[in-house]
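Me: Please take a close look at one part of this model, the nonpolar core, and then follow it out to the contact between the chains.

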Amino acid sequence: MSKYTEDDLKKELETKEYEYGFYTDIESDTFPIGLNEDVIRAISAKKDEPEWLTEWRLDAFKIWSEMEEPEWANVNYKKPDFQAISYYSAPKKADPNKTLDDVDPELLATFAKLGISLDEQKKLSGVAVDVVVDSVSVATTFKKTLAEKGIIFCSISEAVKEHPELVKKYIGSVVPKTDNFYAALNSAVFTDGSFCYIPKGVRCPMELSTYFRINQSGTGQFERTLVVADESSYVSYLEGCTAPSRDENQLHAAVVELIAMDGAEIKYSTVQNWFPGNAEGKGGVFNFVTKRGICENNAKISWTQVETGSAVTWKYPSCILKGNNSVGEFYSIAVTNNYQQADTGTKMIHLGKNTKSTIISKGISAGKSQNSYRGLVQISPRATNARNFSQCDSLLMGNECGAHTFPYIEAKNKTAQIEHEATTSKIGEDQIFYCNQRGIETEKAIALIVNGFSKEVLNKLPMEFAVEAQKLLEISLEGSVG
Amino acid sequence: MELKEKLVSSFLAFESTVDVKNPLHDIRTKAIKDFEAFGFPTKKVEAWKYTSLNSVLKNDFALFPKSEVAIEYKDVKKYFIHDLDTYKIVFIDGVYSSHLSSTTHDKFDVCLMSSALTQNRFKAVIDVYFNKIAKQDGLVALNTAYSKEGAYVYLPKNTAGDKPIEIVHFSTGSEDAMLLQPRNLIVVEDNSEVTVIERHQSLSENKTFTNSVTEIYAGRNAHVDYYKIQNDTNSASLIDNTFTDQYDHSVASVHTFAFGGEITRNNLNFTQKGQGIDSILNGVTILEGKTHVDHNTLVEHTEPNCESHQDYKGIFDEKSTGVFNGKIVVDQIAQKTNAFQSNNNVLLSDKATVNSKPQLEIFADDVKCSHGCTIGQLDESALFYLKTRGIPEKEGKALLMYAFANNVLDSVKIPQLKTRINALIAEKLGVSIGFDL
């Protein structure tokens, strides 16, 4: 890891612009802008969906039309015009029967530029990649290896066709259509996403990952991810995101649902590096995500996220600890720079007995950004011996940014044990001085200290992601040192 | 009739009891309009998420007492710190009781708001300080509209109050349900010092709803020590809105001892308007029965080099509910701020609830800010240890709870008051041990 910091950081620092900001010219099959029942029917028809799903979407649309956009979050932005977005965009050459060779070479080049060459991934890292570019899955790898174990890992549209009984049973069971404004919108218009099912007692042999990208100008991305881990199974799921530079704001409203049945464990890791807008705060992605998991008896769900991108982030990966002895974890690093705004955190709903939850949140604000932690720990009257530990640390760099903490703690059971602590501080002059004294220049010293500050969370990431995440932290904070 | 409409329409009747030509009356007429616009807060308001006033507001409150009730000192002696020499401002059903009170105009003023608002010699102070810092939400506006009576304390520069000031509000239950709206003003100018002890007490089981507003000014190097004893009957509800403005190097502390009341809500607001300021907010809450206490604090750091310390301890039994909603705001210019907030709770019953929302909003980078919140139980092994030493379970528990709250109790500077609070806690916990061991 240190080898990387030495050599690559220097290169990174020279290219100060958002390095993943390029635009691939792929002919897209894009719907005209706007949203109404016809558009939803058209999306559904385009994807060849069964009747029940079309109805489900229409129902969600009806609910959404009656909802108002939430305003309670600690963020300011110009509300997106939902009628000025195209709700479907698929690369034209996409073919359900494609192999890796069939994939548009230009697209492959795009991934190479991002450093996620599929071939390389396939050979070297042993990660199965379900690549999503503009809402339609273009390549799925390692399916065979997974299929041998009985693991289903495919795009959600494929799952709708091939495993309708599973999709029908679980979709919307954790995040109902009525949940919130963006979840309802997503339910109405989601175009693709991933579906994963791990059968009973199976330990998924590799990390599953999806890469999301928003490519087409003016298209919103509405991903739907559904991960079902059957009894006593284990899966580690990785999600990483980059988006090209754009001037107009792009909307992203994803829904992720995790279901961990008795004794199952799901580890869900995210690295999010969407375009944060330029140094003047122009452009950038709006990221309004609903992520939630439900734990049955003895199950465990662990969310790990590294959030460095997006102009506005609104994201609360949550755990419903329904079963006895279930465990919820949330590890987060949120970095904001320039004019970025992040309002992120988690909800831990303790319903079962002996449930445990851990929240470690590290917020780093620089430039003129605002970074908020908002979390809820709720102990229901039946949740005997529930245990929670929360720690929210904020690091401020420069005096124009803000760090905010809004924890909600609700205990209704006398056996509950809850600890919450939060601190806010800046990098100490003495720490920098100590590094300088040992010949480490200030910029590098800061990278080092930030790394140490985030260590607890970085350690929770799978190896491949840890490297990428560390890189992202450094890029995001460069030039923020006063 | 809804309470809100009743309050708005009764304003005319209220106007006949005050001098409407006084320029101050414009403040009241504006406030009643504000109240009409805002109304009472509901649970939809984020700051009132965990506290609903519905059960209180449905009562048909009398706004003005019909008759004056006299109280003998010997009957209420126990509600005073009787072994301590104090100035006293006593109200019975919102009406000043001169024979229970002991006021002064010698060197400094300890007297009535009604005098201060109407007499010319107080005009200079009232014009500068009255209703200047109270943030006009619905409840404060309502109090302002009906502001007429309360305590007025004014210490000019370089004066130390020679003895503490006791402000006691009795409600006698002469009406089935009574709404009281005391309005207090405490002005402590540069280099002055004062100690105030405030208490609200119902003498019957009839409903009492008190909506109190207190404005406190602490000038440069001023010291203000304010103790609130809230040990009212379970038929009494209290909304205490306190606003404190502090200037350079002043120290202001508010200690709240909440031991009862149907619904008690403390809105405690501190604004630091200078450097080197220290703000101290302490609280001990011990509840049982169907009671509800909500501490809502706000400390605004607007200048560099200041400190604030918040320490709230809560013990909740039976069906009681405790809410802590603390907020620290550090402005961009307020570098070198040290702000600490701690909220510890013990839950003793499955029906008891604790909701805690400690918030930090920080816009400056060179600061040390932290908050901590815990919810837990008494340590079984500590309890066992005490039992092995022959201390019965009940007393052992009481000792542990006392130790839990001790940090805050230690900050009480008046020994007699501390003894009284200790006695209240012993009574509350149903033990007869002295805690001054």
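Reply: Two residues are in contact if their C-beta atoms, placed from the backbone, lie within 7 Å. The model is predicted: local features need pLDDT of at least 70, side-chain atom pairs count only at pLDDT 80 or more, and totals for chains, interfaces and linings use all residues. Residues are numbered from 1 along each chain as its sequence is written, with chains lettered from A in the order in which they are written.

Leaving aside neighbours within four places in sequence, I266(A) is in contact with V227(A), A229(A), V235(A), Y237(A), L258(A), A260(A), G293(A) and I301(A). I266(A) belongs to the largest nonpolar core, which has 219 residues; such a core is a set of buried Ala, Val, Leu, Ile, Met, Phe, Trp, Tyr and Cys residues joined through C-beta atoms within 7 Å. Buried means that 20 or more other C-beta atoms lie within 10 Å of a residue's own. C196(A), A229(A), A260(A), I266(A) and V153(B) touch the most other members. A second, separate core has six residues, including V56(B) and F209(B).

The contact between the chains takes 31 residues from chain A and 31 residues from chain B. On the chain A side, β23 (402–411) and β24 (417–426) each supply at least two residues; strands are DSSP runs of E, at least two residues long, numbered from the N terminus. β24(A) pairs with β20 (residues 368–376) of chain B in the antiparallel sense over seven bridges, where pairing requires at least two DSSP bridges between the strands. In this pairing E419(A) stands opposite T374(B).

Terms used
Helix = DSSP H or I, 4+ residues; strand = E, 2+ residues; numbered from the N terminus. Buried ≥ 20, exposed ≤ 12 C-beta atoms within 10 Å, placed from the backbone.
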